[in-house]
Amino acid sequence: MSRTDDDSWAITEGVGATALGVARGRVTETDSVWPVYADPYAHYFVEAAVAAGWSSPFGEDGERMRAMSAYIASRTKHFDDFFTTAGANGLDQAVILAAGLDTRAWRLPWISGTTVYELDQPKVLAFKQRVLTAHAARPATGYVAVPIDLRKDWPEALRHAGFDASTPTVWSAEGLLPYLSAADQDLLFERIDTLSAAGSRLDVEAFGPDFYSTEGLARRRERIERARGAARAAGRPELHDPSRLWYLEPRTNVAQWLAARDWEVTTIDAPDLMAHYQRPAPEDGEDPAPDTSFVEARKT
C-alpha cells in the first residue's frame, strides 16, 4: 500500500493492519507468566481478524516477534501508567489519538465521571466496536468514539462529540507520528496546544533522527528482507515493509516544540523504558530497541 494525502484503511489494510500487529503483541504479554498488564480484549481482535483471513506474518515466535512484543509491552504499560496517574491527579477528560485497537477505556480504572474520546479511521473504530459488542464488553467509564482522519478537522469533530476545551485534558499519541507528514505532525500539535487548558497532560511516542535517517532505513530494510525470506520458508503470509507506510522526512523535535510553548517536559528513551519494565530487547537479537523517546508534558 502506498500513501496518499486522502488514503483510508480498514483494520487488515495498510496502516490499519499495524494495529493488529500491536494487538498480537499484547496477546503475547497478556499470556506471559508475569505480565506487566492484562488486555483480554486483544485476543478477541486477533481471533476476529484470523477468522476474516488475517494471519500474523511474524508467526508465533522468533526473534522479531519477541523484540516487538517486549517493546509493545513496555509502551503499553507506560501509557497505562500515564493515564492512571493523570486520573489520580483529577483529570477526567481523556483523548486517545489514533486509538487503533486500544482498550484502555474498557480495562483501566478510571475516576468517576471520566470521559474517554477515541479518534481513528471510521473502519478501524467500527471493527473494534463490532468485536467488543459481540463479546458483551462494556466500557469502564464514559466512552465516545470519534471516527475521523487525523489529517482532517478533527478538533471540530471532537467538540461536536462533547469535548470541553476549557477542562484540563489528558492526551496520548501512541504509534502515530511516522504515519503523518511533517506538516501534519506540526498541525496536530498546534491543535492539541490550542485545545489544552492549563493543567492538561500529554504523552507522545516520539521518533528520533535515526528512525528517519537513510542509514536507519537501510538497516531496517535489510532486516525486513531477511524476515521476509524466513516467512516465505515457513509458509507464512508476505511480510510487508512498514516503512512504505511512513513519511520519511525531517520533522520537528516534539520535546523542544512543547517546551517552547509552556509545557513542562520529561522524556525517557525506549531502552531505558524497556529496562524499567524488565522487558529489554532480546540480547541475541538484531532488532535493538526502536529509536524512540516517550515525551510526557504538562501545560503550565
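This briefing describes the sheet, the helices packed on it, the nonpolar cores and a few individual residues of one predicted model. Residues are numbered from 1 along each chain as its sequence is written, and side-chain values use heavy atoms, with hydrogens and water left out. Since the model is predicted, local features need pLDDT of at least 70 and side-chain atom pairs count only at pLDDT 80 or more, whereas totals for chains, interfaces and linings use all residues. Helices (H or I, at least four residues) and strands (E, at least two) are DSSP runs, numbered from the N terminus.

**The sheet**

- An open sheet of mixed pairing is formed by 7 strands in the order S3-S2-S1-S4-S5-S7-S6, where two strands pair if DSSP finds at least two bridges between them.
- Strand S3 (142–147) and strand S6 (263–269) stand at the edges with a single partner strand each, so one side of each is left without a neighbour in the sheet.
- The twist from one strand to the next averages 15°, with axes fitted as lines to C-alpha atoms, for helices over the stretch in contact, and angles running from 0 to 180 degrees between N-to-C directions.
- S6 and strand S7 (residues 292–299) run antiparallel and are joined by 7 bridges, and Glu264 stands opposite Arg298 in S7.

**Helices**

- Helix H5 (residues 122–134) lies across strand S2 (115–120) and S3, at about 145° to S3.
- Helix H7 (residues 182–195) lies across strand S1 (93–97), strand S4 (170–173), strand S5 (201–207), S6 and S7, and runs at about 170° to S5.
- In helix H2 (residues 41–51) the buried residues (under 20% relative accessible area; exposed is over 50% and partly exposed in between, with a 1.4 Å probe and protein chains only) are Tyr41, Ala42, Phe45, Val46 and Ala49.
- These residues cover an arc of only 140° around the axis, which puts them on the same side of H2; the arc is that of the directions from the helix axis to the C-beta atoms.
- The buried residues of H2 pack against helix H1 (14–30), H4 and H5, where contact means heavy atoms within 4.5 Å.

**Cores and aromatic pairs**

- A nonpolar core is a set of buried Ala, Val, Leu, Ile, Met, Phe, Trp, Tyr and Cys residues joined through side-chain atoms within 4.5 Å; the largest has 69 residues, of which Leu97, Leu119, Trp154, Leu158 and Trp171 touch the most other members.
- Apart from it lies another core of 8 residues, among them Tyr71, Ala270, Leu273 and Phe294.
- The structure holds 13 aromatic pairs, counted when ring centres of Phe, Tyr and Trp (its six-membered ring) lie within 6.5 Å, with planes under 30 degrees apart taken as stacked, over 60 as edge-to-face and the rest as tilted.
- Tyr117 and Phe163 form an edge-to-face pair, 6.1 Å centre to centre with 75° between the planes, and this pair links Tyr117 in strand S2 with Phe163 in the loop between helix H6 (154–160) and S4, 46 residues apart.
- Trp154 and Trp171 also form an edge-to-face pair, 6.1 Å centre to centre with 70° between the planes; Trp154 lies in helix H6 and Trp171 in strand S4, so the pair ties together parts that are 17 residues apart in sequence.
- Ring pairs link Tyr117, Trp154, Phe163 and Trp171 into a cluster.

**Positive phi values**

- Ala98, in the loop between S1 and helix H4 (104–107), has a positive phi of about 55° although it is not a glycine.
- Asp262, in the loop between helix H10 (254–259) and S6, has a phi near 70° and counts as exposed at 54% relative accessibility.
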